[in-house]
Amino acid sequence: MSIGSEFREAIDEIDEAIIDLIAERYDQVAGIQIWKKENNIPSRDLNREQDIRDKYIEAFGEEDGTRIANALLGVV
């Protein structure tokens with residue numbers, strides 16, 4: 001076993017957990033979108049998007065936080 005392999009294994013496990021959480025998040029977003037459509041509510045909520053973006057900016061800094069949040073929000 002190479003000296004870095006334990007770190008790579010840990011990173012792989014973390015990546016799997018992140019993927020699972022993102023998939024769960026997407027499922028919840030899909031549910032919200034169905035509910036919004038059924039209730040004639042606009043699909044986008046720019047204030048909510050900014051709140052989410054702000055959380056990621058606080059955690060990861062302006063550039064990385066914005067990039068991560070936008071990826072999760074599906075915003076280019």
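Which residues line the second largest pocket?

Reply: The model is predicted, so local features need pLDDT of at least 70 and side-chain atom pairs pLDDT 80 or more, while totals for chains, interfaces and linings use all residues. Numbering starts from 1 along each chain as its sequence is written, and side-chain values use heavy atoms, without hydrogens or water.

The second largest pocket (an open set of 1 Å grid points with protein on both sides within 12 Å along at least five of seven lines, where lining residues have an atom within 4 Å of a point) is lined by I18, L21, I22, R25, Y56, F60, I68, A71 and L72. Its space, the volume filled by probe spheres set on the points, comes to about 190 Å³. The helices α1, α2 and α3 (DSSP runs of H or I, at least four residues) each contribute at least two lining residues, and α1 gives the most, with four. By class, eight lining residues are nonpolar and one is charged, with no polar residue.

One of these lining residues, I18, belongs to helix α1, which spans residues 5-38. I18 counts as partly exposed because its relative accessibility is 41%, between the limits of 20% and 50% for a 1.4 Å probe.

Two or more lining residues come from each of α1, α2 (46-60) and α3 (62-73); α1 supplies the largest share, seven residues. That lining comprises six nonpolar, four polar and six charged residues.

Key: Ala, Val, Leu, Ile, Met, Phe, Trp, Tyr, Cys and Pro count as nonpolar, Asp, Glu, Lys and Arg as charged, and the others, Gly among them, as polar. On a 1 Å grid over the protein atoms alone, a cavity is a set of points where a 1.4 Å probe fits but cannot get out, and a pocket is an open set with protein on both sides within 12 Å along at least five of seven lines; lining residues have an atom within 4 Å of a point.
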